[in-house]
Amino acid sequence: MSKPLPYIVGYAARFNVRSTDILTDPDTGKRFVEIVRPGAFDAALLARQNVIANVHHNNGMTPLGDTRDGSLVLSVDAHGLRYVITPRPSLAAEKAVQWVRDGTLRQASFWFDGLCRTKTDETQSPPVVELLSVGRLLDICICYRGAYSQTSVELVERRHTDRQERLNQLIQSIAGSPKAARAVSRSSANLLEIH
């Protein structure tokens, strides 16, 4: 049996941080800056929609995981939108892990549909768009360069020992408290395969 791929973890979005300039119209060069506000992902996560984990938002590549089967777990804390990917065994996942290891992939991003609530300040140049609420989160991805430089991606090796302790630590980091971790652990321990 081959060694399982490590978890891929990090932040796909950070709250109250300015993005790089985002190009909206290549012909005119029009740009804006985005700021994700706390609470922006709450409705999308409560709706329990399936969210896919990709590399560079590439829907043509084999997904690394998704929330439907528990291979992608999303949570929100005071800093932003956090993710834990338990990569599905595939050539795509092996490549993604290698690219994270060698530093090719060092940031993360998120993709959402146009159904969102925003507030725009046109007095600034470029205009600043505050993302207040996302209607549907479509994917998170690990990438070379995202719109937010303070996003993150790192690998956490899986171990063959202390299965329940590792599960509890992982869930506690997602849930944010020991009490929430116990509740999540009871309901989703079978979704996360920790070796």
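Buried residues make up 44% of the 195 residues in this protein, where buried means under 20% relative accessible area, exposed means over 50% and partly exposed lies in between, with a 1.4 Å probe and protein chains only. Please keep in mind that this is a predicted model, in which local features need pLDDT of at least 70, side-chain atom pairs count only at pLDDT 80 or more, and totals for chains, interfaces and linings use all residues. Residues are numbered from 1 along each chain as its sequence is written, and side-chain values use heavy atoms, with hydrogens and water left out.

On to the fold. We have four helices and 12 strands; these are DSSP runs numbered from the N terminus, H or I with at least four residues for helices, E with at least two for strands.

Now the inside. The largest nonpolar core has 35 residues. By nonpolar core I mean a set of buried Ala, Val, Leu, Ile, Met, Phe, Trp, Tyr and Cys residues joined through side-chain atoms within 4.5 Å. Phe41, Leu64, Tyr83, Phe110, Ile140 and Ile142 have the most contacts inside this core. Several elements each supply at least two of its residues, including strand 1 (7-14), strand 8 (107-112) and strand 11 (137-143). Which element gives the largest share of this core? That is helix 2, with five residues.

Let's zoom in on Ile140. Setting aside neighbours within four places in sequence, its contacts include Ala12, Val51, Leu74, Tyr83 and Phe110, contact being heavy atoms within 4.5 Å. For the protein, 68% of the contacts with a separation of 6 or more are between residues 24 or more positions apart.

Finally, the charges. The whole structure has six salt bridges, each a side-chain nitrogen of Lys or Arg within 4 Å of a carboxyl oxygen of Asp or Glu. Asp66 and Arg68 form one at 3.2 Å, N to O. Here Asp66 counts as buried because its relative accessibility is 3%, while Arg68, at 62%, counts as exposed.

Arg88 and Asp69 pair up at 3.0 Å, N to O. Arg88 sits in the loop between strand 7 and helix 2, and Asp69 in the loop between strand 5 (65-66) and strand 6, so this pair ties together parts 19 residues apart in sequence. Asp66, Arg68, Asp69 and Arg88 are linked in a network of salt bridges.

My last pair is Glu157 with Arg101, at 2.6 Å, N to O. Glu157 lies in the loop between strand 12 (154-156) and helix 3 (163-175), and Arg101 in helix 2, so the parts tied together are 56 residues apart in sequence.
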